[in-house]
Amino acid sequence: MNLTFKNRVAFVSGAGRGIGREIAIKLAEEGCRVICVSKNPSSCGRVAEEIKASGACAEALPFDVSKPDECKSACDAVLKNYPQVDIIVNNAGITRDNLLMRMSDEEWNDVISTNLSSAFYITRNLIRPMMRNRWGRIINIASISGEMGNAGQANYSAAKAGLIGFTKTLARELAPRNITANAVAPGFIETDMTAALPREIMEAAKANIPLKRAGQPADIAGIVTYLASEESNYITGQVISVNGGLGM
Ligand code: NAP
């Protein structure tokens, strides 16, 4: 299927590695001008250079999405350079796993601010021109942990479930402006995030997946690109699970 993109401007957080990198590359291949965000300048810088080397358009924008002030100044800078951002992909995320009784305030707060509050700060700061333009796509990367819960991830599951509620509310608020908002909930995807898991946990997880394997970043980038295209114009407020059948 050929997807339609009309020289859109896309903002992708967590574009330095893993799933976000793949999303940024795929949107750029479709002709979007992609603003690649990561915390470390080197990771989003590398991805933006890779995209530019392929002849497509990208720029690197390193900042900490968990900090409201940094979100405000980064988004203000973006809106000085572009009339509006058309596609927002809130993908940046971290894990700080621990059992509830051992979980520190810091582990809780770091995950909530990076995985949930960041989507609020970024979307709020970029939304006005998108609303005026009466076209937009907001795609939030949630997780199967936010749909089902996961032992050791009270912070992460709460943040991802919160992101789903946030998405559904945006879908209702912004529908009159022709802006759709959807969440994508990956299962186990092979990235640096899952590489940090002990081997036996990863093997046990794969054994529970009906497709018997982990997913790849491209499996997520494909559906995100579809949700960002013109063709998805009647899909809003949905959570698309991409998990090899885990948790069906
Ligand atoms: P990853 O490989 O660890 O990459 C995370 C990206 O987010 C990096 O580019 C990182 O920046 C960026 N980031 C983290 N904290 C940030 C901050 N405070 N400010 C700015 N950028 C920040 O992760 P991934 O596996 O691709 O995961 C991407 C998203 O998918 C996350 O939201 C994750 O929760 C979700 N997800 C992943 C899986 C999975 O199995 N992998 C499953 C379900 C959901 P740097 O490069 O600068 O460090």
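**Entry 1: ligand shell.** I looked up the surroundings of the ligand and found 30 residues around it, the closest being N40, S43, N91, Y156 and T191; a residue counts as near if one of its heavy atoms lies within 4 Å. I note that this is a predicted model, in which local features need pLDDT of at least 70 and side-chain atom pairs pLDDT 80 or more, while totals for chains, interfaces and linings use all residues. Residues are numbered from 1 along each chain as its sequence is written, and side-chain values use heavy atoms, with hydrogens and water left out.

Entry 2: I then listed pairs of N or O atoms within 3.5 Å. A polar side-chain atom of D64 lies 2.8 Å from a nitrogen atom of the ligand. A polar backbone atom of F63 is 3.4 Å from a ligand nitrogen, and one of G16 is 3.3 Å from a ligand oxygen. The ligand alone exposes 900 Å², of which the protein buries 95%; the areas are Shrake-Rupley values with a 1.4 Å probe.

I asked which elements give two or more residues to the shell, and found α1 (18-29), α6 (154-174) and α7 (192-195). Of these, α7 gives the most, with three residues. Helices (H or I, at least four residues) and strands (E, at least two) are DSSP runs numbered from the N terminus.

**Entry 3: strands and fold.** I counted nine helices and seven strands in the protein chain. Strands β2 (residues 33-38) and β3 (residues 57-62) pair in the parallel sense over six bridges, where pairing requires at least two DSSP bridges. Within this pair, I35 stands opposite E59 in β3. I also recorded that β2, helix α2 (residues 41-53) and β3 form a right-handed β-α-β unit: with the strands pointing away from the viewer, the path from the first strand over the helix to the second runs clockwise.

**Entry 4: overall dimensions.** The C-alpha atoms fill a box of roughly 45 × 40 × 40 Å along the principal axes.

How values were computed: Polar contact = N/O pair within 3.5 Å; in protein donor to acceptor, adjacent residues only side chain to side chain.
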